[in-house]
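These are notes for a colleague who is opening this structure for the first time. Please keep the sequence and the model side by side while reading.

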Amino acid sequence: MQLGMIGLGRMGGNMTTRLLKGGHQLVAFDPNPEAVKTALASGARPATSIEDLAGQLQAPRAVWVMVPSGDPTEKTVQTLAGLLSKGDTIIDGGNSNYKDTVRRGAELQAKGLHYVDVGTSGGIWGLKEGYSLMVGGEKAVVERLRPLFETLAPAVDRGWGHVGPGGAGHFTKMVHNGIEYGMMQAYAEGFAIMKKKEAFHLDLHQISRIWQHGSVVRSWLLDLTADALGHDQDLKDIAPYVSDSGEGRWTVAEAIELDVPAPIITHSLITRLRSRDGESYTDRLLAAMRNQFGGHAIKKQ
């Protein structure tokens with residue numbers, strides 16, 4: 001199958017390589033010329049612009065967009081909408097907010113274009129292991145694109161599926177990432193408790209390796225944790241600063257909107273936000289209050 005790929009960053013570039021190995025024909029574009037050269041070396045046809053990419057594709061055209069969510073995706077989709085023709089398809093494989101996806105889908109449908117949203121998980125391991133793909137959009141269009149999803153997934157019958165209409169793919173990926181936040185937080189807290197129990201001299205890497213087999217908490221995330229602990233149990237070179245890409249926030253907001261209690265996901269998000277405040281005024285004020293009402297000592301800097 002022929003496909004246009006816009007966005008050749010770490011994940012987009014790996015997806016391009018996997019698709020090319022699967023026998024698909026790709027026309028690739030990225031604002032970074034070096035990324036285009038890498039795709040060219042893997043067998044893709046290069047494009048010098050979005051306009052050039054659209055012009056090289058045969059109808060009905062399909063273009064996969066792998067750029068950051070928000071304004072970059074919005075601008076790319078709008079540019080493509082002005083270049084593509086009735087019956088063509090835009091695939092958004094990034095982490096767009098599902099509400100934006102629903103809106104874009106309706107706007108493109110009015111122009112005779114199809115919009116497929118693909119919640120994509122797999123990160124840097126996707127090239128080797130395959131990607132988990134949660135696909136939203138019109139059933140007939142998704143079926144036409146099946147060869148792409150079967151190539152990107154871990155197997156033709158595993159790790160991907162059509163989960164619902166437009167927006168459902170990104171909605172499902174949003175909740176997926178919210179769950180991921182909670183799982184990561186639980187692992188981090190558990191290992192922190194064990195590290196603090198200095199009297200037992202616990203080997204955290206050994207314990208993580210034990211849990212990888214037979215334990216009810218075994219998971220790929222635990223496998224990655226074991227790898228990290230194998231390099232350095234003290235994590236000396238890693239700052240205690242945890243970023244978030246947005247999906248956790250959206251999941252919490254959705255939970256509130258739907259009246260669904262989600263305390264674990266919410267707490268894990270708040271913990272990430274807390275990690276970024278190296279000079280926490282909140283903590284300073286808490287210490288001051290304890291001193292005021294109980295005379296508790298204040299630790300000076």
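1. A residue is called buried under 20% relative accessible area, exposed over 50%, and partly exposed in between, with a 1.4 Å probe and protein chains only. Ser 280 has a relative accessible area of 9%, so Ser 280 is buried.

2. The model is predicted: local features need pLDDT of at least 70 and side-chain atom pairs count only at pLDDT 80 or more, while totals for chains, interfaces and linings use all residues. Residues are numbered from 1 along each chain as its sequence is written, and side-chain values use heavy atoms, with hydrogens and water left out.

3. Overall content. The protein has 14 helices and eight strands; these are DSSP runs numbered from the N terminus, helices being H or I with at least four residues and strands E with at least two. The C-alpha trace spans about 75 × 40 × 35 Å along its principal axes. Of the 301 residues, 42% count as buried.

4. Ser 280 in its loop. This serine sits in the loop between α13 (263–275) and α14. Its side chain reaches the backbone nitrogen of Thr 282 at 3.4 Å. A polar atom of the Ser 280 side chain also lies 3.0 Å from the backbone nitrogen of Asp 283. For a polar contact, two N or O atoms must be within 3.5 Å; within protein, one must be able to donate a hydrogen and the other to accept it, and residues adjacent in sequence count only if both atoms are side-chain atoms.

5. Tyr 281, Leu 285, Leu 286, Met 289 and Phe 293 make up a nonpolar surface patch with about 580 Å² of accessible area together. Patch members have over 30% relative accessible area and no salt bridge; nonpolar side chains (Val, Leu, Ile, Met, Phe, Trp, Tyr) are joined within 5 Å, and like charges within 9 Å. The areas come from the Shrake-Rupley method with a 1.4 Å probe, and for residues only the protein chains shown count as cover. Leu 286 belongs to helix α14 (residues 281–294). Its relative accessible area is 45%, so Leu 286 is partly exposed.

6. Salt bridges. How many salt bridges does the count come to? The count is 17, where a salt bridge is a side-chain nitrogen of Lys or Arg within 4 Å of a carboxyl oxygen of Asp or Glu. Arg 284 pairs with Glu 279, their closest N and O atoms being 2.3 Å apart. Arg 284 is partly exposed at a relative accessible area of 40%. Elsewhere, Glu 74, Asp 92, Asp 100, Arg 103, Arg 104 and Glu 107 are linked in a network of salt bridges.

7. Two further pairs. Lys 37 and Glu 34 form a salt bridge at 3.5 Å, N to O. Both lie in helix α2 (residues 33–42), three residues apart, about one turn of the helix. Lys 37 counts as exposed at 52% relative accessibility, whereas Glu 34 is partly exposed at 47%. Asp 234 and Lys 195 meet in a salt bridge at 2.6 Å, N to O. Asp 234 is in the loop between α11 (220–231) and α12 and Lys 195 is in helix α9, so this pair ties together parts that are 39 residues apart in sequence.

8. Cavity. A search of the whole structure finds one cavity of 30 Å³ or more. On a 1 Å grid over the protein atoms alone, a cavity is a set of points where a 1.4 Å probe fits but cannot get out, and lining residues have an atom within 4 Å of a point. Points are joined across faces, edges and corners, and a volume is the space filled by probe spheres set on them. The largest cavity has a volume of about 30 Å³. Its lining consists of Gly 94, Asn 95, Ser 96, His 170, Lys 173, Met 174, Glu 247 and Trp 250. The elements giving two or more residues to that lining are α9 (168–196) and α12 (247–257).

9. Backbone points to check. The peptide bond from Ala 59 to Pro 60 is cis, with omega near -5°. Pro 60 lies in the loop between α3 (50–56) and β4 (62–65). His 201 has a positive phi of about 50° although it is not a glycine, and His 201 is in the loop between α9 and α10 (204–211).

How values were computed:
On a 1 Å grid over the protein atoms alone, a cavity is a set of points where a 1.4 Å probe fits but cannot get out, and a pocket is an open set with protein on both sides within 12 Å along at least five of seven lines; lining residues have an atom within 4 Å of a point.
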